[in-house]
Amino acid sequence: MLPFIRSDLAQFTAYKPHPGSDTTQAVQPSTKIDRLDTNESPYDLPPQIKEKLALTYEQVIETNRYPDGGHERLKSAIAEYVNDSAQLLSSVFTTANISVGNGSDELIRSILIASCLGGEGSVLVAQPTFSMYAILAQTLGIPVVRVGRNEANFEIDLQAAQLAIEQTQHPPIRAVFIVHPNSPTGNPLTTAELAWIKSLSEHILVVIDEAYFEFSQNTLVGELLQRPNWLVLRTFSKAFRLAALRVGYCLAHPELIAILEKVRLPYNLPSFSLAAATVALQNRTLLLEPIPQTLTERAKLIQALSQDSTLQVWKSATNFVYIRLKPNSFSSQDAAVKIVNQKLKAAGTLVREINGGLRITVGTPEENTRTINRLQAALISLKR
Ligand SMILES: Cc1ncc(COP(=O)(O)O)c(C=O)c1O
């Protein structure tokens with residue numbers, strides 16, 4: 001351990017990006033793998049949009065100049081999209097309600113810095129959930145309080161959550177992170193969960209991560225106007241097919257946005273990413289076109305996997321499906337899940353092993369058929 005490094009960092013391991021994320025290397029056709037482990041869209045941008053962006057790169061972007069650090073053009077496009085997609089009666093969101101990040105990961109870090117850093121607050125998460133909230137909090141020395149979920153439908157253990165809020169001191173819980181619908185389990189917020197987050201004190205920041213909004217069409221942005229302690233996070237990495245370009249945004253009360261703007265780096269988004277996200281919003285009808293197919297494919301995947309008596313498959317409101325091996329199907333559940341995951345990987349299908357289960361992104365129809373076949377083959381070999 002280097003003597004000048006914070007001692008608590010020694011126990012952390014760096015986030016390991018998924019295999020194949022190095023796009024600087026030419027991909028061999030023979031090594032084609034189905035990347036169903038990070039909930040991206042399986043579809044690259046349409047050629048006409050790529051051409052438009054290539055022209056922007058060639059003719060508009062001056063690489064010797066810093067990017068637009070105020071993000072005004074993109075923020076206006078986001079405000080127009082949110083007002084339109086939330087079917088709000090008037091155009092309530094303006095650029096003052098929006099902050100843009102280098103992926104929503106960057107915004108999560110800014111939120112943590114703004115609310116909890118310096119011993120001022122702890123964060124609450126309900127496991128299993130998106131891992132970056134806890135990872136980023138820990139790297140900032142912010143304590144993480146974890147509660148569980150009901151295994152039948154993955155609703156948050158609300159009693160435990162309330163108790164944690166009441167009993168956590170030194171420092172108290174200042175931020176609650178909720179994904180709607182949750183990752184890895186795919187469930188949207190229940191009425192009871194919604195009532196609970198509405199009951200939280202205004203001293204607690206409620207972060208509602210709607211990374212998968214375009215798939216679920218379930219949003220709480222309409223609530224933001226009455227709730228200065230709520231913030232909605234969104235990303236261009238999923239339905240908008242821009243994971244490579246790292247653009248996320250959040251919506252909140254202007255006062256909270258002003259704080260996040262103070263905390264962020266001045267030129268946090270490259271010019272090309274800003275241009276691509278703006279073009280994506282202008283062409284959203286085209287880019288979001290595959291969503292109905294994804295939802296049909298999700299139903300197909302759930303239906304096929306549910307046929308196997310050893311698999312427990314949950315409903316999903318988004319573009320991935322969570323499965324576990326049923327209790328008592330195999331002598332060691334954990335070992336069996338690991339073996340199934342390894343067999344899928346060896347066959348060319350990458351999925352994510354989380355909390356004793358597998359999260360599988362809905363891919364193209366061909367990828368999904370391969371997932372079903374490869375999973376069935378893995379389970380058969382395990383049962384022998
Ligand atoms: C719930 C959730 N929030 C945020 C992110 C990160 O998004 P971004 O690519 O914008 O950093 C992800 C990515 O998987 C996610 O699942």
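Me: A crossing is left-handed if the near helix is turned anticlockwise from the far one by less than a right angle, and right-handed if clockwise. With which hand does H2 pass H9?

Reply: This is a predicted model, in which local features need pLDDT of at least 70 and side-chain atom pairs count only at pLDDT 80 or more, while totals for chains, interfaces and linings use all residues. Residues are numbered from 1 along each chain as its sequence is written. Helices (H or I, at least four residues) and strands (E, at least two) are DSSP runs, numbered from the N terminus. The crossing in which H2 passes H9 is left-handed.

Me: How is H2 oriented relative to H9?

Reply: Axes are lines fitted to C-alpha atoms, for helices over the stretch in contact, and angles run from 0 to 180 degrees between N-to-C directions. Angles under 35 degrees count as roughly parallel, over 145 as roughly antiparallel, 65 to 115 as roughly perpendicular and the rest as oblique. The axes of H2 (residues 72–85) and H9 (residues 271–282) come within 9 Å and cross at roughly 25°. H2 is therefore, relative to H9, roughly parallel.

Me: How many residues in the contact of H2 with H9 are nonpolar?

Reply: Two residues are in contact if their C-beta atoms, placed from the backbone, lie within 7 Å. H2 contributes Arg73, Leu74, Ala77, Ile78 and Tyr81, and H9 contributes Leu274, Ala277, Thr278, Leu281 and Gln282. Ala, Val, Leu, Ile, Met, Phe, Trp, Tyr, Cys and Pro count as nonpolar, Asp, Glu, Lys and Arg as charged, and the others, Gly among them, as polar. Two residues of this contact are polar and one is charged, and the number of nonpolar residues is seven.

Me: How is H3 oriented relative to H4?

Reply: The axes of H3 (residues 103–115) and H4 (residues 132–139) come within 10 Å, with a crossing angle of roughly 50°. Relative to H4, H3 is therefore oblique.

Me: How many residues in the contact of H3 with H4 are charged?

Reply: H3 passes H4 in a right-handed crossing. From H3 the contact takes Asp105, Ile108, Arg109 and Leu112, and from H4 it takes Met132, Tyr133, Leu136 and Ala137. Six of the residues are nonpolar, none is polar, and the charged ones number two.

Me: Which element gives the largest share of the shell around the ligand?

Reply: Here a residue is near a molecule or strand if its C-beta atom, placed from the backbone, lies within 6 Å of it. The ligand is surrounded by 14 residues, the closest being Gly103, Ala211, Thr235, Ser237 and Gly248. Four residues of the shell are nonpolar, eight polar and two charged. The largest share, three residues, comes from H3.

Me: Which element supplies the largest share of the side of domain 1 that touches domain 2?

Reply: By an automatic or database domain assignment, the protein is divided into domain 1 (29–44 + 290–383) and domain 2 (61–287). Their contact takes 20 residues from domain 1 and 19 residues from domain 2. On the domain 1 side, H11 (291–306), S10 (320–325) and S12 (352–354) each supply at least two residues. The largest share, three residues, is that of S10.

Me: Where does proline 128 lie?

Reply: Glutamine 127 and proline 128 are joined by a cis peptide bond, with omega about -5°. The place of proline 128 is the loop between S3 (122–126) and H4.
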